[in-house]
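A short report with headings will do.

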Amino acid sequence: MSARPDTSAAPIHLRDYAPPAWRVESIELNFELGIDTTEVTAQLHLRGDANAPLRLDGEGLELLAIALDGQPLEASAWRYADGMLEVEGARDGSVLSTRVRIHPAANTALEGLYLSGSREAGFLLTQCEAEGFRHITFFPDRPDVLTRYTVTLQAERARFPVLLAGGNPDGAGELPDGRHWARFVDPHPKPCYLFALVAGRLEKIERDYRTGEGRAVKLVIWSEANVIDSCHYAMDALERCIRWDEQVYGRYYDLDVFHVVATHDFNMGAMENKGLNIFNAKYLLADPDTTTDDEYKAVEAVVAHEYFHNWSGNRVTCRDWFQLSLKEGLTVFREQQFSADMNSTALKRIEDVALLRRAQFPEDAGPLAHPVRPAEYREINNFYTATVYEKGSELVRMLAGKLGADGFRRGMDRYFERNDGRAATIEDFLAALGEANDLDLTPYLAWYGQAGTPRLRARGQFDAAARRYTLSLSQHTPATAGQPEKQSLPIPVKLALFDRHGRMLPLRMDGQTEAHETVVVLDQAEREFTFEQVEHAPVPSLLRGFSAPVILDCDYAPADLALLLTHDPDGFNRWEAGQQLAVLAFDDCRRDGQTAVRAWCGALAQLFADPALDPALLADLLTPPGEVELAEREQEVDPAQIHALRQRLQTQLATTIGAATLAQRLAALDVAGPLRLDAVAKAQRRLKRRVLELLALVDAPAAQAHADTQYRQAQGMTDRLAALSVLVRTEADAATAALADFRRRHADNPLALDKWFAAQAQVPGERALERVRTLESDPAFTLKNPNRARALLGTFASGNPSGFHRADGAGYALLAERLVALDALNPQIAARVATAFNGWQRLEPVRREAARQVLTGLAARPELSRNLAEIVAGVLKS
């Protein structure tokens, strides 16, 4: 028999946490694998309180047999309903045995055990985070139940020649009737969300690695045969990040094998299952013909992220899902450190802050705002958000900045050593960092419990007679749902002062001379900081390195920001000054002003002529804030107007630089010869893409001609996709042929086809909707594949504001219709795509009413999953 969960479950509250009454000391799992049906036998060795009822999670399981301590149970001794199995008679030390049947091929939600690919050629795999293990067998599915696993897999050898599970291999052999078996034992206790298995026809590449402690480890990457040659870059990245974690954090790998598997059917980016990482192929496969430079970096970053979880997530896991950022925010920070060390510190910081502003700030400002550690949830899959990941990383960065490199390493050593093999909390993390440095870090808990982005107001006053500069700082966090009152937070503000010639000044505070840079902490509503012996009114450079995740409001004049943009020696701060100046220039465009526009365009034209400037940094400097970031400043958002004003601003920049100068630089960046993947070549391609986009604004025929040639002669995906994008966006005559060529060229490559769908879904303006409808009829489009659904619908709804937010509401209506269909297949993906509606209340009245009507109708649909229903109800909140 089977039981379905209650989709109207009450919220779970952090305040109600209680340790589990029953734990599972060890578990033996036996899988008789099949595509249509798989049978799972589990033996749970229980420890717990006989006075407490034994309750185990289980969803969609067909229970075939149940026994306690070797004796079959009568039907009166157990009850299975609403996703819960209750068993009577268990005592401390009991062994509960169950046998269940599940159906992998019918599992379109991709949660638990499911089939990736076709019935004939696909393979079986699992996804158990956050609550997928309950779809496999009965178990207390919560992260604070740490268990040692022994897993035996049995299957038909011809159909499933490769059998993998987490832990170390512990035997394999033949069975009758062409079947075989393999057993794996994990010596490390782990929560069930880290369980994994893979079975099917796969090929591998492998490499021997010896850790700094002397352990011999076999590194193995698996994929389907046709893409195994695209796994070598990931293998190199894996070895780099293992060595980096040894050197920077003193963390060593702890099993004999490390398996990584690529699949095209995956809800997440990747999963850190102990010893058996499973990756969305998008973040593992890489080759020059189908992978852009940015995607190469993403592969390296995600490989590192999942490997780093081996300690920050696996060896030390989170006590409950409220502590999710303890593993995700911390590991994002470690991944960002690694990527900065492997590439460019300044460019990596620009990338991270841009993502934070594009994804997390809007989340913090809308009805879906929630703290990094939420106080309650209904559906935990809906809390894998930018707030938990990106803002969570920024909180760790603040702590690392406060402690310094040596102090942070001491704190992390203590955290890992004290909590190894435990399920920890944010309090445990802060306590370890603080005790290792004789500091009380409990004030930083407020950052974890308070939603919303703080606004930092800065005002400077110069006293020429006293040669004194006073910086006044104040903070305010707007009210969010459920948190009308906000407390002051400790905000570290890293700063420097510049004179009018662009030179950094020595900082003298409280009678002491500091270096040219210092950190002050605003830990109350407002505070003043005074600098002595300042000869002339300085220009402050604030939040250097983005020292806190806040929105800065400073009384900068355009000339001040132009000075920082031109002279600041730090690449990130130069970019940040340019972003702030671009915002002032955007406002100028709205009111037909010129002061800020001229300052921004003039400074960038000067930098464009500087041959010593890093081309990749120049490309970022030439890019103003995106439409999403600009919309966050508006009281009433008109996406079409924002798009038009941003285009006008960029056109003025291109005009200032000059079409001839842009064309000349474009020609210089055309490098003949074979494709190179070194940093210099990648930087040149990054700038070439940006220069081509600017040229298209002032000389479309020249840009189209260059893009046509570039597309046909491109040696790699970066140049090819950049050219295709310009051709499509400018409606060039060559666009149709290029799109058809791209479609034919990559017909058998799912990841490349995702780019083809996304490139068209991003084309701005009202005609985007018609294009999306046409693309939905393409034979390659399917809602069953998460990457494909995100490439078209996700890109259109979240990455094309002027296209999605049509005044007639047709974009909203289309998305709502598709969400219902997607929800029936995969509730997790439907819920994530639905977050595109976040912030609809701030739209101008016509669009706001259209969105309200569509959302109200969607919320009334009785068939919605708990995942999607929670998101829709959330965005409808005023």
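## Basis

This is a predicted model, in which local features need pLDDT of at least 70 and side-chain atom pairs count only at pLDDT 80 or more, while totals for chains, interfaces and linings use all residues. Residues are numbered from 1 along each chain as its sequence is written, and side-chain values use heavy atoms, leaving out hydrogens and water.

## Nonpolar cores

A nonpolar core is a set of buried Ala, Val, Leu, Ile, Met, Phe, Trp, Tyr and Cys residues joined through side-chain atoms within 4.5 Å. Buried means under 20% relative accessible area, exposed over 50%, and partly exposed in between (1.4 Å probe, protein chains only).

The largest core has 212 residues, and Leu238, Tyr415, Phe429 and Phe531 touch the most other members. Helix 5 (residues 386-419) supplies the largest share of this core, ten residues. Another core, of 48 residues, lies apart from it and includes Leu85 and Phe133.

## An open sheet

Helices (H or I, at least four residues) and strands (E, at least two) are DSSP runs, numbered from the N terminus. Two strands pair if DSSP finds at least two bridges between them.

Three strands form an open antiparallel sheet in the order 4-8-7. Strand 4 (54-57) and strand 7 (78-81) are at the edges with a single partner strand each, so one side of each has no neighbour in the sheet.

## Salt bridges

A salt bridge is a side-chain nitrogen of Lys or Arg within 4 Å of a carboxyl oxygen of Asp or Glu. The count comes to 81 salt bridges. In one of them, Glu59 joins Arg134, with the closest N and O atoms 3.7 Å apart. Both residues, Glu59 and Arg134, are buried.
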